[in-house]
Amino acid sequence: MEGETWTYRAEDEAATERLGACLARSLPRPSVVALRGTLGAGKTRLVRAIASGLGIDPEIVTSPTFVLVHEYPGETPVYHFDAYRLRGEDEFWQLGPDEYFGGEMGGITLLEWADRVSGCLPRERMEITIDVTGKTERQFSIVALGEIYELALSRLKRLLEPQASN
């Protein structure tokens with residue numbers, strides 16, 4: 001399944017915060033966002049920015065590397081998964097992600113290291129790959145897979161257009 005791809009360049013952490021706030025406004029409810037990037041690329045920082053945009057205190061958002069999933073309650077709850085330490089897709093399924101992905105839990109599901117469990121991801125989703133391009137600069141490649149995510153990407157682009165790179 002191919003989707004529309006769009007690139008956003010963040011010159012600094014404030015631009016990453018802006019991206020997260022705009023994603024919070026643009027994503028459908030429920031939604032699934034697969035996050036990819038190297039260690040230190042800013043996956044958890046982006047999750048904090050999205051949570052903040054949803055009115056959730058960003059200070060409570062931490063990497064779920066050892067816990068595997070954090071739930072952040074709010075008007076729109078955030079479910080923050082991390083597949084970094086999982087031994088495979090079977091172990092991921094034991095966490096019950098289908099309840100989150102299927103919308104039974106509502107909210108926005110954000111999954112760090114999604115490439116490690118790509119066979120478990122729903123067909124329709126948003127994928128964000130974060131590349132480090134400088135000390136605080138990042139490039140976000142955003143792919144919308146499915147009609148509702150294509151609409152979300154269109155909303156996101158409209159919100160960010162003055163700062164958009166293409």
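**Exercise 1. Helix α1 and its surroundings**

Against which elements do the buried residues of α1 pack? Determine also whether the length of the helix agrees with expectation.

*Solution.* The structure is a predicted model, in which local features need pLDDT of at least 70, side-chain atom pairs count only at pLDDT 80 or more, and totals for chains, interfaces and linings use all residues. Residues are numbered from 1 along each chain as its sequence is written, and side-chain values use heavy atoms, with hydrogens and water left out.

Step 1. Helices (H or I, at least four residues) and strands (E, at least two) are DSSP runs, numbered from the N terminus. Helix α1 covers residues 13–26, which is 14 residues.

Step 2. The expected span of a helix is 1.5 Å times one less than its number of residues. For α1 this gives 20 Å, and the C-alpha atoms at its ends are 20 Å apart, so the two values agree.

Step 3. A residue is buried under 20% relative accessible area, exposed over 50%, and partly exposed in between (1.4 Å probe, protein chains only). In α1, the buried residues are A15, T16, L19, G20, C22, L23, A24 and S26. An α-helix has 3.6 residues a turn, so residues three or four places apart point the same way.

Step 4. Contact means heavy atoms within 4.5 Å. The buried residues of α1 pack against β1 (4–10), α2 (43–53), β6 (125–132), β7 (138–145) and α5 (147–160).

Step 5. T16, in helix α1, counts as buried because its relative accessible area is 3%. Beyond its neighbours within four places in sequence, T16 is in contact with A10, R45, L46, A49 and F140.

**Exercise 2. The nonpolar core**

Identify the residues with the most contacts inside the largest nonpolar core, and list the contacts of M126.

*Solution.* Step 1. A nonpolar core is a set of buried Ala, Val, Leu, Ile, Met, Phe, Trp, Tyr and Cys residues joined through side-chain atoms within 4.5 Å. The largest one has 50 residues, and M126 and I128 have the most contacts inside it.

Step 1. With neighbours within four places in sequence set aside, M126 is in contact with L23, L27, V32, V33, A34, I142, V143, Y149, A152 and L153. In soluble globular proteins, nonpolar side chains tend to be buried together.

**Exercise 3. Charged pairs**

How many salt bridges does the structure hold? Describe the pairs of E4, E13 and R125.

*Solution.* Step 1. A salt bridge is a side-chain nitrogen of Lys or Arg within 4 Å of a carboxyl oxygen of Asp or Glu. The structure holds 4.

Step 1. E4 pairs with K157, their closest N and O atoms being 2.7 Å apart. This pair links distant parts of the chain, with E4 in strand β1 and K157 in helix α5, 153 residues apart. E4 is partly exposed, because its relative accessibility is 29%.

Step 2. E13 and R45 form a salt bridge at 3.5 Å, N to O. Here too distant parts of the chain are linked: E13 lies in helix α1 and R45 in helix α2, 32 residues apart. E13 is partly exposed at 38% relative accessibility, and R45 is partly exposed at 33%.

Step 3. R125 forms a salt bridge with E127, with 2.6 Å between the closest N and O atoms. R125 is buried at 12% relative accessibility, and E127 is buried at 15%. R36, R125 and E127 are linked in a network of salt bridges.
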